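Please look over the sequence and the three-dimensional model shown here before reading the briefing that follows.

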Amino acid sequence: MLTGKQKRHLRSLAHHLTPIFQVGKGGTNDNLIRHIEEAIEVRELIKISVLTNCDDDPREIGAELAEKSGSELAQVIGKTIVLYKESKDHKQIVLPRK
């Protein structure tokens, strides 16, 4: 679990990122989860946008994506989701101490 201080740090880093995945009216699926797992291993921090034609709540989508991909939900603001997972091979982000 991330502390508030760590989430703030990740939000500041994610501010300048552009979303690399989109969730549309089809919602989430196994293929999307697999791509997120691969991308988050390399990048550690990713943004995902929820399109306006998607009827699901972005908070629920964010929680589902975080759970299924084994990552932490750093933020959901509007229709943008920020996920974080510490990389095994490509560690770049240093989190503040708890």
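**Briefing on the protein chain**

Val23 is found in strand β1, which covers residues 21-23, where strands (E, at least two residues) and helices (H or I, at least four residues) are DSSP runs numbered from the N terminus. With a relative accessibility of 1%, Val23 counts as buried, a label given under 20% relative accessible area, whereas exposed means over 50% and partly exposed lies in between, with a 1.4 Å probe and protein chains only. This is a predicted model, in which local features need pLDDT of at least 70 and side-chain atom pairs count only at pLDDT 80 or more, while totals for chains, interfaces and linings use all residues. Residues are numbered from 1 along each chain as its sequence is written, and side-chain values use heavy atoms, with hydrogens and water left out.

**Overall fold and dimensions**

- The protein chain contains 3 helices and 4 strands, and, read along the sequence, these elements follow the pattern α-β-α-β-α-β-β.
- The radius of gyration of the protein chain is 13 Å, which agrees with the value near 13 Å for a compact globule of 98 residues; this radius is taken over C-alpha atoms, and the globule rule is 2.2 Å times the number of residues to the power 0.38.
- Taken along the principal axes, the C-alpha atoms of the protein chain fill a box of roughly 40 × 25 × 25 Å.
- Of the 98 residues in the protein chain, 38% are buried.
- Val23 and Leu95 are 72 residues apart along the chain, and their C-alpha atoms are separated by 28 Å.

**Salt bridges**

- Side chains of opposite charge can pair when their charged atoms come close.
- A salt bridge is defined here as a side-chain nitrogen of Lys or Arg within 4 Å of a carboxyl oxygen of Asp or Glu, and by this rule the count comes to 3 salt bridges.
- Glu38 forms a salt bridge with Arg34, with the closest N and O atoms 3.9 Å apart, and the two residues are separated by about one helical turn because they stand 4 residues apart in helix α2 (residues 30-43).
- Glu38 is partly exposed at 45% relative accessibility, and Arg34 is likewise partly exposed, with a relative accessible area of 41%.
- Glu64 pairs with Lys68 in a salt bridge whose closest N and O atoms are 3.0 Å apart, and both residues lie in helix α3, 4 residues apart, about one turn of the helix.
- Glu64 has a relative accessible area of 27% and is therefore partly exposed, as is Lys68 with 47%.
- Lys91 forms a salt bridge with Glu86, the closest N and O atoms being 3.8 Å apart; Lys91 is partly exposed with a relative accessible area of 46%, and Glu86 counts as partly exposed at 46% relative accessibility.

**Two loops to look at**

- Glu44 is found in the loop between α2 and β2, and Glu44 has a positive phi of about 75 degrees although it is not a glycine.
- At 0% relative accessibility, Glu44 counts as buried.
- Asp57 lies in the loop between β2 (45-50) and α3 (58-69), and Asp57 counts as partly exposed because its relative accessibility is 35%.
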